[in-house]
Amino acid sequence: MSPAAVALPAPPVTASPPTPPPAAHPATRLRLRDPYTLVANAVFLGFHVATAVMLAITGASWQGAGLALGAYLLGMFGITAGYHRYFSHRSYKTSRAFQLVLALLGTLTLQKGVLWWASHHRRHHRESDGPDDIHSPKQHGLFWAHVGWIMAREYMATDTAKIQDFARYPELRWLDRHYVLPYVGLCALVLGTLGFHALVWACFVSVVCLWHCTFTINSLAHVWGSRTYATRDTSRNNALLALLTLGEGWHNNHHYFAASARQGFRWWQVDVSYAVLCVLERLGVVWDVQRPTPEVVAGRLGRTDYRLPGGREADAAA
Ligand SMILES: [Zn+2]
Ligand SMILES: [Zn+2]
């Protein structure tokens, strides 16, 4: 026992626990004098420049475009059905093995780790366009909501407290920490088997498209489109964004009833991710798929959100 420990008085048993500090106010601009922020932003911008330069060198082809489209669809499904509807909202259940497949697909889009993504998204729903929403276009402008917040040092770490239900899986914690490695492995595989042209289209063009189409849900889907439900936020339904993101554009529906795996509530609201989930449900790969009840679709829910997942008491994937 150290002398310092001996000298410290024991706390009174009747003392109340210390009051937790108030939630940190969101950052609203990049601290570019911070070397870490500067390097991260340079890498992010450099990826765009490198993609443009390599594209100019290798040129276009139908095969390249087809590869990029295939990679885009797989990656977007990993983001929408995996990172978003499963890991952030637990809107259906699946096995531990398929949970890992979903995490891996999302990871290959270089949108950081699965625990990072889902934990920050849960905060977005809790604060929805309020002062503490980390990417609200209403609060901080369209650019910040689209891409600025991602490059802020304040949000580069995983908010583990909000994702404890999935952070208990060691394979997910590993993927979250080493999210770049699967992508590097894929690049090596594509380069070694299909060559440089395929690498540029499948691993660079697709990733840039995946980034910005996903980001539109944080930016444009809160300012452009119609509002069916009077949620407390500014979320919108937008058919074009829904097509680009395999169903995520029905964002007003989603903010109204985020527990649902189906985001296109009406038959004409195309939701490709949900359609694929229905097939996977038939195959027994996923189950307990949450859907909006007629009461929800009619707007008679009487509340504007639902209880977010993430507590220790929440049950986990089987
Ligand atoms: Zn969500
Ligand atoms: Zn939103």
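**Close-up 1. D288 in the loop between β2 and α15.** In this predicted model, D288 sits in the loop that links β2 (286-287) to α15 (294-297). Helices (H or I, at least four residues) and strands (E, at least two) are DSSP runs, numbered from the N terminus. Phi of D288 is near 50°, a positive value in a non-glycine residue. Most residues other than glycine have a negative phi. D288 has 12 other C-beta atoms within 10 Å, so D288 is exposed. The cut-offs are 20 or more other C-beta atoms within 10 Å for buried, 12 or fewer for exposed, and partly exposed in between, with C-beta atoms placed from the backbone.

Close-up 2. L110 is not glycine, yet its phi is positive, near 55°. L110 counts as partly exposed because it has 18 C-beta neighbours inside 10 Å.

**Close-up 3. The largest nonpolar core.** This core has 41 residues. A nonpolar core is a set of buried Ala, Val, Leu, Ile, Met, Phe, Trp, Tyr and Cys residues joined through C-beta atoms within 7 Å. A68, V114, L115, A118 and A202 have the most contacts inside it. At least two core residues come from each of α3 (62-88), α4, α5, α9 (170-177), α11 (196-218) and α14 (272-282). A second, separate core of seven residues includes I217, A221, A242 and F265.

Residues are numbered from 1 along each chain as its sequence is written. Local features need pLDDT of at least 70, and side-chain atom pairs count only at pLDDT 80 or more.

Key. Chains lettered and ligands numbered in written order.
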